[in-house]
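Hi everyone, thanks for making time today. Let me put the sequence and the structure up on the screen, and then we can walk through them together.

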Amino acid sequence: MEVCGGASALSSRSSISHSSFHSFHQPTSVLCQVRRFKVFCVNASSQSLKGNQMTVSITGATGFIGSKLVQRLYEDNHSICVLTRSKSKAQSIFPVKDFPGIVIAEEPQWKDCIQGSTGVVNLAGLPISTRWSPEIKKEIKQSRIKTTSKVVDLINKSPSDLRPTVFVSATAVGYYGTSETQLFDEQSPSGKDYLSEVCREWEGTALGVDKDVRLALIRIGVVLGKDGGALAKMVPIFMMFAGGPLGSGKQWFSWIHIDDLVNMLYEALLNPSYKGVINGTAPNPVRLAEMCEHLGSVLGRPSWLPVPDLALKAVLGEGAIVVLEGQRVVPARAKELGFSYKYPYIKEALKAILAQKVVV
Ligand SMILES: NC(=O)c1ccc[n+]([C@@H]2O[C@H](COP(=O)([O-])OP(=O)(O)OC[C@H]3O[C@@H](n4cnc5c(N)ncnc54)[C@H](OP(=O)(O)O)[C@@H]3O)[C@@H](O)[C@H]2O)c1
């Protein structure tokens with residue numbers, strides 16, 4: 001600590017300065033910088049409950065949801081450690097000029113980030129919207145289990161004074177399986193298909209975290225945002241076929257606007273009541289036909305021709321199952337917790353997203 005810098009340089013987010021951010025990644029000074037980061041984290045941890053100032057380590061931070069969460073936390077002056085498989089990819093997404101002070105760590109450095117973080121968010125996983133060969137299916141599951149297992153292990157092995165107090169881990173509404181008739185809340189049993197099996201094992205791995213660490217498992221629905229996720233892929237097909245329901249149109253579509261999901265993840269980090277399974281979905285799921293009707297009206301397209309399943313499968317592969325065979329999920333826990341949605345209804349959510357004009 002004495003070698004790396006004085007206490008005053010470690011007492012706020014700006015302590016990981018532009019130059020120290022660079023040198024964190026220089027092989028010659030990694031040890032010194034890691035120690036600096038650790039000391040900084042301890043300091044942030046001990047003060048975080050006063051000012052709600054957090055240090056958060058995030059896997060999958062470079063993805064659709066993670067990058068929005070990073071931006072949000074960054075704007076609020078929290079310290080962030082991006083846990084990634086590729087430093088260069090992460091550096092291009094979070095350039096130093098726009099995100100000075102963010103620490104980017106590849107696997108060997110994850111331990112130093114996690115130790116001393118106040119919270120960890122786990123979003124990593126191979127995208128499921130692809131063609132599912134047996135190898136890809138294995139990787140979809142393994143990528144989630146392996147990353148979660150590593151993170152859990154690092155949290156559990158942290159000395160108690162450096163251990164994060166909260167672990168927010170992603171899972172998905174695929175946990176419930178699919179149905180056109182059933183209503184699922186957090187108490188509902190798991191389904192019998194491949195995605196429910198993935199989610200059960202993913203959650204089971206996260207549940208291995210020490211009992212003194214608060215665990216929030218967020219079962220995420222289809223996330224709607226302007227520059228990623230299912231919507232970005234659906235809109236061009238929808239436009240091509242002049243709109244209309246995808247598949248039969250009767251399937252349920254349990255969606256959430258990306259801003260609401262990011263707020264929920266943020267709240268889960270801060271609020272001790274966010275514990276256990278919480279459905280990360282909007283309070284008003286819709287049938288796909290209704291979603292397509294709103295999409296058509298927002299895009300100014302008629303909604304009368306059904307978009308063939310095949311077209312969607314061509315783009316999403318077997319991953320299209322999340323759209324073509326949905327489930328009706330309600331966020332009972334979020335309601336109990338008093339979570340306030342910015343976009344409870346799909347029409348307003350789509351309007352807000354498509355007004356940004358990036359998706360089409
Ligand atoms: N988007 C949705 O609608 C939705 C719905 C339900 C659940 N979820 C879940 O929420 C999480 C985040 O979703 P997202 O849409 O933000 O995902 P995303 O954009 O695909 O990003 C996921 C991140 O995971 C990491 N990753 C990718 N392949 C990996 C692999 N083979 N092994 C380990 N890590 C890998 C990558 O980070 P690095 O390259 O930096 O390591 C990537 O940025 C995912 O686990 C997803 O299943 C998403």
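Let's start with Gly66, which is buried because 25 other C-beta atoms lie within 10 Å. By buried I mean 20 or more other C-beta atoms within 10 Å of a residue's own; 12 or fewer is exposed, anything in between is partly exposed, and C-beta atoms are placed from the backbone. What we have here is a predicted model, in which local features need pLDDT of at least 70 and side-chain atom pairs count only at pLDDT 80 or more, while totals for chains, interfaces and linings use all residues. Residues are numbered from 1 along each chain as its sequence is written.

Gly66 sits in helix α3, residues 64-75. Helices (H or I, at least four residues) and strands (E, at least two) are DSSP runs, numbered from the N terminus. Which residues does Gly66 contact, leaving aside neighbours within four places in sequence? They are Ile58, Gly60, Ala61 and Leu123, where contact means C-beta atoms, placed from the backbone, within 7 Å.

Ile58 leads us to the largest nonpolar core, which has 91 residues; Ile58, Val82, Ile218 and Leu265 touch the most other members. A nonpolar core is a set of buried Ala, Val, Leu, Ile, Met, Phe, Trp, Tyr and Cys residues joined through C-beta atoms within 7 Å. Helix α9, residues 258-270, gives the most to this core, with seven residues. Not counting residues up to four places away in sequence, Leu265 touches Leu69, Val121, Val168 and Ile218.

Now for helix α6, residues 134-157. Its buried residues, among them Arg144, Thr148 and Val152, pack against β1, α5, β4, β5 and α7. The axes of α6 and α7 come within 8 Å and cross at roughly 10°. That makes the two helices roughly parallel, since angles under 35 degrees count as such; axes are lines fitted to C-alpha atoms, for helices over the stretch in contact, and angles run from 0 to 180 degrees between N-to-C directions. Where they meet, α6 brings residues including Lys137 and Ile140, and α7 brings residues including Tyr194 and Trp202.

Finally, how confident is the predictor? pLDDT is its confidence in each residue, from 0 to 100. The chain has a mean pLDDT of 83, and 81% of its residues reach 70 or more. Over residues 1-50, though, the pLDDT is below 50. Where pLDDT is low, the predicted coordinates should not be read in detail.

Methods. The expected span of a helix is 1.5 Å times one less than its number of residues. Two residues are in contact if their C-beta atoms, placed from the backbone, lie within 7 Å. pLDDT is the predictor's confidence in each residue, from 0 to 100. Angles under 35 degrees count as roughly parallel, over 145 as roughly antiparallel, 65 to 115 as roughly perpendicular and the rest as oblique.
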